[in-house]
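Subject: Handover of a structure

Dear colleague,

Please find the structure below, followed by an account of what was found in it. I would be grateful if you could read the two side by side.

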Amino acid sequence: MAKTSESTPSRLRFPSTAVTVAAAAGAGYLVYRNGESWLRSLLLYLSRAGWARQVVTKFPPAWAVASRFVAGESVDEAIHAVHPLNSKGMLATIDYLGESVTRAMEARAACDQILYLVERIHASGVDANVSLKLSQLGLKLDENLAIDNLRTILQQAQRHGLRVRVDMEEGALVDTTLDIYRRLRFGEGFTNVGVVIQSCLYRSDEDVRRLVEEGAWVRLVKGAYQESHTVAYAAKADTDAAFMRQTEALLSETARARGVYLAVATHDDAMIGATQRFARLHNIPPDAYEFQLLYGIRRDRQEQLVAQGHRVRIYVPYGTAWYPYFMRRLAERPANLWFFVSNFFRA
Ligand SMILES: Cc1cc2nc3c(=O)[nH]c(=O)nc-3n(C[C@H](O)[C@H](O)[C@H](O)COP(=O)(O)OP(=O)(O)OC[C@H]3O[C@@H](n4cnc5c(N)ncnc54)[C@H](O)[C@@H]3O)c2cc1C
């Protein structure tokens, strides 16, 4: 299970938090319908709290719920999860879970794990790429360490014809992440690297404009991190509008002519439907872009998109450090939280 260097919380602290979360879950739909974000904020805060990680990951029911979103703890389990996806006509991007490492040793170990993942993807013959986070490769410790690790992974992936997607993390890391992407993509000529843009950030229209000029390989998401209102939209409607503005820019004739390849990564029917309508209206063939969804979320929709002739890629995470990923998934949907809390108290 996930390790943390932070101390275990006092016994008193846990029940009060659990009650807060349980109460929040009960009110979840109302809270979200009213557009308030305190429940999401609480969960995103817990996703970063070492003490909460220790409490949650020690409970077997937590893994029982998390395993709905996480393919397993080992590479073999991840590959095993990709086989049935491939046979249903879906592609995958496999993510070795981990982020914000605090020691250089951990960053190098994560790099080794990802190199092993690249080898296993190649040897097993599954149709999958790799996703990773720069903070997992040491970005918060030493930028050069993260760059060296990423370069090593890109070289190995290139040998096997695999692409590597650099996930986007919290707002404070966006500039550095894009700088590192550009350094490796253009400075060093790696054509197998792609980035992610979060439409919730005010800056993203401008980032998209530049990436269109550069003919980038972009995954567009709404954004999973807690951001200040000074840098990100507070209302879902504004993020949704930005998401569609940016989808249209990245699917435009100019963008495609420059070599942009867009992954529309969302579970939102409204975004998926609007993308399909835009593509139909502009005669954009289904193989000019792809939809991406997370493992275990909206499986019905995943299969329906394939049946409609779309290219669909599933983000398949694995590893022992599943806690922050899992908490972000709970923050996205109160129903998931309610399921988790009821299991927690049944244990
Ligand atoms: C393939 C992929 C890669 C991603 N990579 C990144 C990344 O690199 N950086 C980053 O910041 N974020 C990333 N995300 C997360 C993203 O930013 C959103 O937080 C997440 O996708 C939820 O937003 P949404 O677009 O699905 O729509 P929302 O507006 O959150 O939800 C719309 C509807 O989708 C369904 N839904 C959404 N989430 C869930 C869930 N967890 N469980 C069940 N149903 C749900 C519900 O029906 C909901 O009503 C990624 C998402 C995907 C799909």
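How many of the residues of strand 8 (residues 312–318) are buried? Seven of its seven residues are, where buried means under 20% relative accessible area, exposed over 50% and partly exposed in between (1.4 Å probe, protein chains only). Helices (H or I, at least four residues) and strands (E, at least two) are DSSP runs, numbered from the N terminus.

This is a predicted model, in which local features need pLDDT of at least 70 and side-chain atom pairs count only at pLDDT 80 or more, while totals for chains, interfaces and linings use all residues. Residues are numbered from 1 along each chain as its sequence is written, and side-chain values use heavy atoms, with hydrogens and water left out.

Strand 8 and its neighbours

In a regular strand, side chains alternate between the two faces of the sheet. Strand 8 is covered on both: V312, I314, V316 and Y318 are buried on one side, and R313, Y315 and P317 on the other. Strand 1 (residues 91–96) runs parallel to strand 8 and is joined to it by six bridges; two strands pair if DSSP finds at least two bridges between them. P317 of strand 8 is the bridge partner of D95. Strand 7 (residues 289–294) also pairs with strand 8 in the parallel sense, over four bridges, and L294 has Y315 as its bridge partner in strand 8.

Aromatic residues

The structure holds eight aromatic pairs. Rings of Phe, Tyr and Trp (its six-membered ring) pair if their centres lie within 6.5 Å; planes under 30 degrees apart count as stacked, over 60 as edge-to-face and the rest as tilted. One of the pairs, Y96 with Y318, is tilted, at 5.4 Å centre to centre and 50° between the planes. The pair links distant parts of the chain, since Y96 is in strand 1 and Y318 in strand 8, 222 residues apart. Both Y96 and Y318 are buried.

Helix 10

In helix 10 (residues 204–214), the residues S204, D207, V208, L211 and V212 are buried. They lie on the same side of helix 10 because they cover an arc of only 140° around the axis, the arc being that of the directions from the helix axis to the C-beta atoms. After helix 10 comes G215, with a positive phi near 65°.

Yours sincerely
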